[in-house]
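Visitor: I would like to learn how to read a structure like this one, feature by feature. Could you walk me through it?

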There are 2 protein chains.
Amino acid sequence: MAPTTYEASLPPPPGTTSPSFDPGTHHDHDIASCPFCRIAAIYAPYDPADPPPAEAEALNPEASAPNPSTFVVLSTPLLVAFLDIMPLSSGHVLLCPREHRPKLTDATPAEAAEMGGSLRVLSAAVARATGVTDWNVVQNNGAAAAQVVPHMHFHVIPRPELRAKGSERFTATMFGRGQRDDLDEEEAGPLAERIREAVAEVLRAEGRAKL
Amino acid sequence: MAPTTYEASLPPPPGTTSPSFDPGTHHDHDIASCPFCRIAAIYAPYDPADPPPAEAEALNPEASAPNPSTFVVLSTPLLVAFLDIMPLSSGHVLLCPREHRPKLTDATPAEAAEMGGSLRVLSAAVARATGVTDWNVVQNNGAAAAQVVPHMHFHVIPRPELRAKGSERFTATMFGRGQRDDLDEEEAGPLAERIREAVAEVLRAEGRAKL
């Protein structure tokens with residue numbers, strides 16, 4: 001059963017300590033200004049195998065104070081995933097740890113393992129929800145690697161068939177370059193709901209309660 | 001202590017069954033012709049926290065029958081990682097499941113989780129071994145997403161500072177495009193050894209025997 005109560009102000013669960021084994025990857029950063037930390041603080045975890053309905057407060061904590069919307073597709077005690085607000089294609093999602101981790105090497109072993117498992121499930125869910133069965137997984141660390149938001153995140157980017165589309169656009173945008181449209185918020189709500197449901201279907205089909 | 005015996009013909013361990021929850025991602029494929037299945041069959045697992053010396057037979061199973069060399073940097077019962085033979089930069093490594101999985105969605109939950117954990121450790125090890133602290137993680141699924149070898153694999157690609165190099169090359173090769181050199185086999189041996197040792201250092205520093 002979907003959760004019926006929700007605390008919009010629920011803080012993220014306490015993180016485990018960052019192992020910090022690579023001193024070269026740390027940066028000073030104003031956590032309060034991090035958009036992904038903000039999303040993690042506002043959107044509480046839910047059961048991925050039994051997501052709340054689209055209209056639930058859990059998925060709309062800021063209904064009374066509109067802001068750039070966040071369309072959450074997966075939310076666990078350690079991780080959160082949501083639609084990219086500047087997608088390269090429909091179904092482009094981001095997956096990140098709730099805790100502020102600048103680079104992949106700053107994540108804990110538990111976060112890294114759960115991201116690996118979640119990428120597999122999210123990939124299947126995005127393919128089901130979009131009907132696009134080719135996709136890229138991309139994760140950028142540092143400015144020289146084109147990282148923009150300094151809170152590590154994986155991209156899952158559907159790749160519609162190039163030739164069938166007869167379009168130059170997807171060759172240009174291959175691997176994260178090229179035109180990125182603003183997210184269409186009317187399409188985004190139903191799309192995010194389909195992805196949440198597809199995540200639940202995958203987990204239920206495998207008889208798993210957890211990622 | 002490093003293993004002193006090794007069976008070059010050791011078959012890969014029996015895989016768990018593929019969950020196959022995404023029917024759209026399966027392809028007919030001649031397993032015998034898959035280069036990554038061949039590597040997995042030839043290179044047995046070793047203890048990542050205590051890798052064998054560079055000259056060990058475990059890392060040179062084909063010394064008597066030379067072939068395009070494989071420079072293994074991580075090898076577990078589920079996964080194997082090695083230097084890309086057409087690197088985008090020095091330290092470009094690939095990580096894949098031993099079992100033939102065409103796409104990420106064909107991996108088992110255990111493989112996906114261990115890949116997530118391994119990407120974190122490999123990233124730290126490659127940064128230590130190369131001195132390059134920015135890098136991309138990329139994983140392509142299907143022809144429209146630029147997948148070339150149809151056995152799923154993650155790329156870890158170091159990104160030297162663009163401007164410091166004064167070079168157009170790394171902007172052109174960003175995200176997997178552009179010039180790829182053949183691997184320099186004289187440099188590759190010592191580089192792979194440094195990466196194996198750095199993997200072991202990371203695991204030992206965290207007091208972990210496993211990934």
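**Reading the fold, step by step**

Guide: Let's begin with a helix on a sheet: in chain B, the buried residues of H1(B) pack against S2 and S3. Please keep in mind that this is a predicted model.

Visitor: Which residues of H1(B) are buried?

Guide: First the general idea: an α-helix has 3.6 residues a turn, so residues three or four places apart point the same way. In H1(B), the buried residues are Phe36(B), Cys37(B), Ile39(B), Ala40(B) and Ile42(B).

Visitor: At about what angle does helix H1 of chain B run to S2(B)?

Guide: Helix H1 (residues 35-42) of chain B runs at about 110° to S2(B), lying across strand S2 (79-83) and strand S3 (93-97) of that chain. In chain A, helix H1 (residues 35-42) lies across strand S2 (79-83) and strand S3 (93-97), at about 110° to S2(A).

Visitor: How should I read the sheet, and how many strands form it?

Guide: Strands of a sheet pair through backbone hydrogen bonds, either parallel or antiparallel. Here 10 strands form an open sheet with antiparallel pairing, in the order S1(A)-S2(A)-S3(A)-S5(A)-S4(A)-S4(B)-S5(B)-S3(B)-S2(B)-S1(B). Its edge strands are S1 (72-75) of chain A and S1 (72-75) of chain B, each pairing on one side only. From one strand to the next, the twist averages 15°.

Visitor: What joins S1(B) to S2(B)?

Guide: These antiparallel strands are joined by 3 bridges, and they form a hairpin with 3 residues between them.

Visitor: Over how many bridges do strands S4 and S5 of chain A pair?

Guide: Strand S4 (residues 135-141) and strand S5 (residues 154-158) of chain A pair over 5 bridges in the antiparallel sense. Asn136(A) stands opposite Ile157(A) in S5(A).

Visitor: Where does His153(A) lie?

Guide: His153(A) is in the loop between S4 and S5 of chain A. The UniProt annotation "active site", from an unreviewed entry, covers His153(A).

Visitor: How many disulfides does a search of the whole structure find?

Guide: A disulfide is a covalent bond between the sulfur atoms of two cysteines. The search finds 0 disulfides over all chains. For Cys96(A), the nearest cysteine sulfur is that of Cys34(A), 7.6 Å away. Cys96(A) is buried, at a relative accessible area of 1%. Cys37(B) is also in no disulfide, with the sulfur of Cys34(B) as the nearest cysteine sulfur at 3.8 Å; the cut-off for a disulfide is within 2.5 Å. Cys37(B) is buried too, with a relative accessible area of 13%.

Visitor: Finally, how many residues has helix H2 of chain A, and how far does this helix reach?

Guide: Helix H2 (residues 109-130) of chain A has 22 residues and reaches 31 Å from its first C-alpha to its last, close to the 32 Å expected at 1.5 Å a residue. Of the 22 residues of H2(A), 17 are buried, so this helix is largely enclosed by the rest of the structure. Just after H2(A) comes Gly131(A), which takes a positive phi of about 75°.

Key
Residues numbered from 1 in each chain as written. Chains lettered and ligands numbered in written order. Predicted model: local features only at pLDDT ≥ 70, side-chain atom pairs only at ≥ 80, totals over all residues. Heavy atoms only, no water. Pairing = 2+ DSSP bridges. Helix = DSSP H or I, 4+ residues; strand = E, 2+ residues; numbered from the N terminus. Axes fitted to C-alpha atoms, helices over the stretch in contact; angles between N-to-C directions. Contact = heavy atoms within 4.5 Å. Expected span 1.5 Å × (residues − 1). Buried < 20%, exposed > 50% of the residue type's maximum accessible area, 1.4 Å probe, protein only. UniProt positions renumbered as here; feature names shortened; annotations may be inferred.
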